[in-house]
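Please have a look at the sequence and the structure first.

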Amino acid sequence: MTAKKTPAPAEEAFTGHPLPVIPLRDMVLFPGTVSPLLLGRAQSLNALARALAHPGQTAFFTLQENARDEEPLPSDLKPVGVIGRVLSSTALPNGLSKVLVEGQAVGVVRDWKAENDFLTARGSLQPSGSAKALASLVAGLESDFAEYVGQRPDAPQALADLLAALPGPLEKAYAAAGQLKLPTALRQALIENPDPAAKLRMTREFLSNEIAANSDAHRLEHEVRAGIAQSQKEYFLSEHLRKIQAELGQGAPSVHPEIRKLEAELRARGLPAKALDRALTELRRLDYVHSSSPEYSVIRGYVDWFLALPWDRATEDRLDLGQVKARLDRDHFGLKDVKDRILEHVAVFKLTRERKNAGAPILCLVGPPGTGKTSLGRSVATALGREFARVSLGGLRDEAEIRGHRRTYIGSMPGRIVQALKKCRSMNPVILLDEIDKMGGDFRGDPASALLEVLDPEQNGDFTDHFLETGIDLSRVFFITTANVEERIPGPLHDRLEVIRLPGYYDSEKLEIARRHLLPRIREAAGLTEKQLEVSDAALAAVARRYTREAGVRQLHRELSKLARKRAREVASGKPAGKAKPAALQVADLRAYLGLPVRQEKSVPAAREPGIVTGLAWTAAGGETLRVECTLLSGRGKLTLTGNLGDVMKESAHIALTLARQRAQRYGIDPALFQKTDVHLHVPEGAIAKDGPSAGIAMVLALVSAMTRRPVDPRLAFTGEVSLAGHLHAIGGLPEKALAALQAGVTRLCIPHENAPDAGDLPKEARKGLKISLCHSIDEVLALVFGKKRKSLG
């Protein structure tokens, strides 16, 4: 509140000549008060400029009817407003102007006039009234205002004294109304009322309403505080009562029906003694925690997890080996060795189940994507009559995902194993731990180490989850793990696993899988009948060989689904299959449905060329044939390697060159040739990174073949690591490599003698279609290729 200063006579300024008009939105000024304004419209800024140019720096401030009007006309403005003097004006960077205005008097407009993009007004002032005639109303106003100030803790008491010191009755009315949060309509009504006595009565009425509202608010606040004090007193006394009862050994039951209900459910759920004691301890804490407290929901969520777990629930096992075998045969074609291993595992499980899996190994299915690892786990669960849950561990880095999160923050929860038990609603499900070779580790812990406690039969009978803080019996769970690359499984974890390898499917197996399993399922998903989608065996085999590049059948399923969608569109649109087309789709029809083949069938060339040798490689998608090419150029003995080779393959190439130089005279090679000839070794498909030691034999043969100009039979494939001494060492991935060699038309496979056990475990189809030669050294390989034959394992 600011006392009115002595301005230029407002009446002379308003009646003698017109004043610029500044329209206001949702705001009404009072005489005798100072108010800040923010002006931005061109009309307002032009009027402000005129006011600043006037000696008295005065303008007429009035309320516009509609706040949305950007350029209000005289008909849009209130005729009663306030004459105000601009005390200061500051231009802001955004084009606005901040002004400080002091209200002087209320004016009533008689004439409006438009001038230079703004309005001007001329009129008269409202009467101020006689102080003596209004003395009683003024005294009542001062008394009411003093009471109002006394109710406001944020208002200084001197505010009432300042109001009493103002000279005129209307100045006091406007000053008191300015302290109230009045709506714009009431502020405008106050200044529009021409009767000074009525103005005072209106102001007193406003004050009376505020005083009454403040009294009600104080009364309600007092009642609330009294209620809170009473509840705190009751809580304090009840806490003392419980402490006294605990000291006397008198455990009083909970007074809350909900807590009593939860306790009854916990006792009826069949929890182990330790778990029940832990849950009841937390449940009793709810008696001491208010329901609005965040801790209440945390404790309640913790107890709910105990109620959600299937402590006393388990499915009845169907351990008939005949039924298990029938289920596996129905769901999966081929994989005879894999199925036998699973049946052996189930047999051991059947004999040791009374001992809670003590000593029973954990299965680990290792193979390329799409070979049926996950579906095998699901089939085992179905055959045993158990629930099934899949837990994906790929990319997992946080140990808490296995052991659970500690209850030190909002949002903590049990680990994935406990969550799987809740999902299965059984304590003896089949849980598939998928992609254990893709787990990581960082500052949050090592998930692989945490998984040891889960899978170790000696420890998982009392597995402790950090969230539940109590032991859980996992000994009845049938765990199956999967991985794509066996070498990436952490060592300590690998020791607890029984690895079953799924190398991939041969062409004949893919054909049977497509005919028996994939095609019927795809027909049903596309809404087609057998007559509407029939594919010949030759077309199925062509899709597998020319439109996919995999050891499994996942991409084959996608390509057949694409074919079915195209056929479904034809059927839905009424397009006939065509008279020229047979009932079953043939190889020639595939291009119309699937487009151009994405790959050419890899087959060994019929022609023999010096310096070109067939090698074999292993990839995550299965085996691949690998051409190793060598050519000689005039030079100074430089070795050039191309084909996007890794460090290990580059080392193998240097070793191969050394071995070729050592045996040069034995095979009629002039030793001086190495000094005047540059050697270029290349492995095609340079866009694909290649690495590994198994190309060593092929590189030696390519060098010797190029230097002797003696070609190597392309139907003979080689894989194996060669040392600087010429010894051959075992390599991995032999089943996948043998499968790739057989599909490419290779008839003979040369491998290190150390891989003899792996050769004996090859599928029957590979042993029948490939003649396998076992060699101890590179000299035996050279003799086998360029002359002397080697004993073979057929």
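Predicted model: local features only at pLDDT ≥ 70, side-chain atom pairs only at ≥ 80, totals over all residues.

Let me begin with the second largest pocket, which has a volume of about 590 Å³. On a 1 Å grid over the protein atoms alone, a pocket is an open set of points where a 1.4 Å probe fits, with protein on both sides within 12 Å along at least five of seven lines, and lining residues have an atom within 4 Å of a point. The volume is the space filled by probe spheres set on the points, which are joined across faces, edges and corners. Of the 27 residues that line this pocket, G370, T371, G372, S375 and V553 are the closest to its centre.

Residues are numbered from 1 along each chain as its sequence is written, and side-chain values use heavy atoms, with hydrogens and water left out.

Which elements supply at least two residues each of that lining? They are α11 (321-331), α13 (373-384), β12 (478-483), α18 (507-526) and α20, where helices (H or I, at least four residues) and strands (E, at least two) are DSSP runs numbered from the N terminus. The most comes from α13, with six residues. By class, the lining holds seven nonpolar, twelve polar and eight charged residues; here Ala, Val, Leu, Ile, Met, Phe, Trp, Tyr, Cys and Pro count as nonpolar, Asp, Glu, Lys and Arg as charged, and the others, Gly among them, as polar.

Two of those helices, α18 and α20, also pack on each other, at an angle of about 40 degrees and with their axes 10 Å apart; axes are lines fitted to C-alpha atoms, for helices over the stretch in contact, and angles run from 0 to 180 degrees between N-to-C directions. That angle makes α18 oblique to α20, given that angles under 35 degrees count as roughly parallel, over 145 as roughly antiparallel, 65 to 115 as roughly perpendicular and the rest as oblique. K510, A514, L518, I522 and A526 of α18 make the contact with L556, H557, L560, S561, A564 and A568 of α20, contact meaning heavy atoms within 4.5 Å. These contact residues divide into eight nonpolar, two polar and one charged.

Helix α20 (residues 554-572) has another partner in helix α19 (residues 537-546), packed at about 125 degrees with the axes 9 Å apart, and α19 and α20 are therefore oblique to each other. On the α19 side L540, V543 and A544 meet L556, E559 and L560 in α20, which gives five nonpolar, no polar and one charged residues in the contact of α19 with α20.
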